[in-house]
Amino acid sequence: MPSQRLSPDQIDLPAGWIAALVRGAKCQCPRCGEAVLFRKWLKPVDRCAHCRQDWSIQQADDFPAYIGIFVVGHLLAPVVIAMISGGISPWLTLAILLPVSVVMLIAMLQPTKGAVIGFLWWHGIGAFRQERRKPGDEA
Ligand SMILES: [Zn+2]
């Protein structure tokens, strides 16, 4: 394992911000795609085991949870409306959909955090330094 951060020439940088986001969503290092991004459920590794990118500086904060709430809310709102308008009592609807929404939110939190970290890294937001190659910048 190298002790120094590998240069962009030594690794396979993602082709664009969507590729960086997808690598993060797969819980892989967004920079190289060769190692895991998380050491615990929502705790990123301090440094990538392959490219040595410092992930301890990421500042995803609460944004993945906001995205999760937004997505789960929009997916379940039509279900709530359909269940209540279909004659199911509001309390039964709540009893069914509350655990469903919690499970959905928990299931999507880690990939969402990885995607947010990939997005922040690609765009050089927060403590990250933007390092993508410019077109025609081949060495
Ligand atoms: Zn890496």
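Author: Let's begin at the zinc ion. The angles that its four donor atoms subtend run from 108 to 114°, so the arrangement is tetrahedral; four donors get that label if all angles lie between 85 and 135 degrees. For four tetrahedral donors, the ideal angle at a metal is 109.5 degrees.

Before going on, a bit of housekeeping. This is a predicted model, so local features need pLDDT of at least 70 and side-chain atom pairs count only at pLDDT 80 or more, while totals for chains, interfaces and linings use all residues. Numbering starts from 1 along each chain as its sequence is written, and side-chain values use heavy atoms, with hydrogens and water left out.

Now, who holds the zinc ion? The protein donors are the SG atoms of Cys29, Cys32, Cys48 and Cys51, at 2.2 to 2.3 Å from the ion. A donor here is an N, O or S atom within 2.8 Å of the metal (3.2 Å for Na, K and Ca), and sites may look incomplete because water is not among the atoms. Read along the chain, the spacing of these donor residues is C-x2-C-x15-C-x2-C. Two of them can be checked for burial: Cys29 has a relative accessible area of 0%, so it is buried, and Cys32 counts as buried too, at 3%. The cut-offs are under 20% relative accessible area for buried, over 50% for exposed and anything in between for partly exposed, using a 1.4 Å probe and protein chains only.

Next, look at Arg31. At 0% relative accessibility, Arg31 is buried. Its partner is Glu131: the two form a salt bridge whose closest N and O atoms are 2.6 Å apart. Arg31 is in the loop between H1 and H2 while Glu131 is in the segment after H3, so this pair ties together parts 100 residues apart in sequence. (A salt bridge means a side-chain nitrogen of Lys or Arg within 4 Å of a carboxyl oxygen of Asp or Glu; helices are DSSP runs of H or I with at least four residues, strands are E runs with at least two, and both are numbered from the N terminus.) Side chains of opposite charge can pair when their charged atoms come close.

Glu131 has a second salt bridge, with Arg5, and there the closest N and O atoms are 2.8 Å apart. Arg5 sits in the segment before helix H1 (17-25) and Glu131 in the segment after H3, so here the parts being tied together are 126 residues apart in sequence. Put together, Arg5, Arg31 and Glu131 are linked in a salt-bridge network. Glu131 is buried at 10% relative accessible area, whereas Arg5, at 30%, is partly exposed.

The whole structure has four salt bridges. Another one of them joins Asp46 to Arg39, with the closest N and O atoms 3.8 Å apart. Both ends are partly exposed: Asp46 has 44% relative accessible area and Arg39 has 47%.

Then keep an eye on the backbone. Arg52 is in the loop between H1 and H2, and its phi is near 65°, a positive value in a residue other than glycine. Arg52 is buried, at 14%. Asp61 is in the loop between H1 and H2 as well, and has a positive phi near 50°, but Asp61 is exposed, at 62%.

On to helix H2, residues 63-85. Its 23 residues reach 33 Å from the first C-alpha to the last, close to the 33 Å expected at 1.5 Å a residue; that expected span is 1.5 Å times one less than the number of residues. H2 bends by about 30° at Leu76, and Pro78 follows within four residues. (The bend is the angle between axes fitted to the seven residues ending there and the seven starting there.) The buried residues of H2, among them Val72 and Leu76, pack against helix H3 (90-123), where contact means heavy atoms within 4.5 Å. Ala82, also in H2, is partly exposed at 46%.

H3 has a kink of its own, about 40° at Leu109, shortly before Pro111. Finally, each of these two helices is followed by a glycine with positive phi: Gly87 after H2, near 100°, and Gly124 after H3, near 65°.

Terms used
Tetrahedral: all angles 85-135°; square planar, octahedral: opposite > 155°, others 65-115°.
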